[in-house]
Amino acid sequence: MKLLRRAGRRPDTDPGPVALHARNVRFDWAGTPLHWMPAEPIASHLINSLNLLLPEGERMFCAAYAEALPYVRDDKLREAMLGFIGQESMHAETHDKVLHEVLAAHGIDPGRYLRHAEYLFRRTLGPGDADGVARRQVLIERLAFIACLEHFFAYLGDWVLNADLERFHADPRMADLFRWHGAEEVEHRHVAHDVAVYFGAGYLRRAGLMTLVFPIFLTLVLRGTKFLIHQDPELPDLGYPRLLTRVFGAMWRGALPGVPSLLWSALSTFKPGYHPDSVGSTAQAVAYLAKSPAAQAIAS
């Protein structure tokens, strides 16, 4: 199924290295529907599940990078890390507002899922109680884990920039939220990989973690989707078999990225010499960020 390029075609001109910086954005969430793609409620909930998952994850990214920064002697990498922290902090803050101003307005209580996310990202993936060499090894594991997740976020960012969400009558504010976020994920897609390599996370370590991160990420998103559906009075409380059937249908219609392309993207990280610059287009990302309605709302 061919998707129209509503967010903007990939420009042919590569802008070269881009200085990363956080962009202020303003969203007015008043009246935003829970099913922000009206004909695709399951796809709406699956993408909304990222609003549950991302804030804690991105705060963990920032905490790990703040811990890593004192060890970085490469000025360019350090500058990129600071830009990454700024962007991820803004992402976490913005998705938090969706939880309180959109989901809560429709009677969704995210508390139980958020507590699980806090445990995962603060305790399981936090610095722990190790000291000395052991603490540094834990840090390297966390940085490699972040690199794996950032690959998927760059993939999803590229997908949403090129998906024809308007064909599903997507709420323009929610579409802009994920395209703004996705464009910045594409823009800074190289940082987490470069940091992990700088700290000595070699091919085998990164490949091993990817085999764990891929199913964990899919499981967390699916659990978040089921959690939202369970609290949605307009939908039946689907079990996982029926939910997966509905999810695959949304993928077939183009309302969600397909599992085969996501799997193929994950497998591409196992190629010797892999670098995330192969995912998406910096020129397209920067072009969208220049016209994002939420970013323009601040400038006006």
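Me: What counts as a helix or a strand here, and where does His169 sit?
Reply: Helices (H or I, at least four residues) and strands (E, at least two) are DSSP runs, numbered from the N terminus. His169 is in the loop between α4 (132-162) and α5 (172-187). This is a predicted model, in which local features need pLDDT of at least 70, side-chain atom pairs count only at pLDDT 80 or more, and totals for chains, interfaces and linings use all residues. Residues are numbered from 1 along each chain as its sequence is written, and side-chain values use heavy atoms, with hydrogens and water left out.

Me: Why is His169 called exposed?
Reply: Exposed means over 50% relative accessible area, buried under 20%, and partly exposed in between (1.4 Å probe, protein chains only). His169 has 60%, so it is exposed. His169 also has a positive phi of about 55° although it is not a glycine. Most residues other than glycine have a negative phi.

Me: What makes Phe153 and Phe217 an aromatic pair, and of which kind?
Reply: Rings of Phe, Tyr and Trp (its six-membered ring) pair if their centres lie within 6.5 Å; planes under 30 degrees apart are stacked, over 60 edge-to-face, the rest tilted. Phe153 and Phe217 are 5.8 Å centre to centre with 70° between the planes, an edge-to-face pair. Phe153 is in helix α4 and Phe217 in helix α7 (residues 203-230), 64 residues apart.

Me: Why does Phe217 count as buried?
Reply: Its relative accessibility is 5%, so Phe217 counts as buried.

Me: How do you know that Arg136 sits over the ring of Tyr71?
Reply: The test asks for NZ of Lys or CZ of Arg within 6 Å of the ring centre and within 35 degrees of the ring normal. Arg136 lies over the face of Tyr71, at 5.2 Å from the ring centre.
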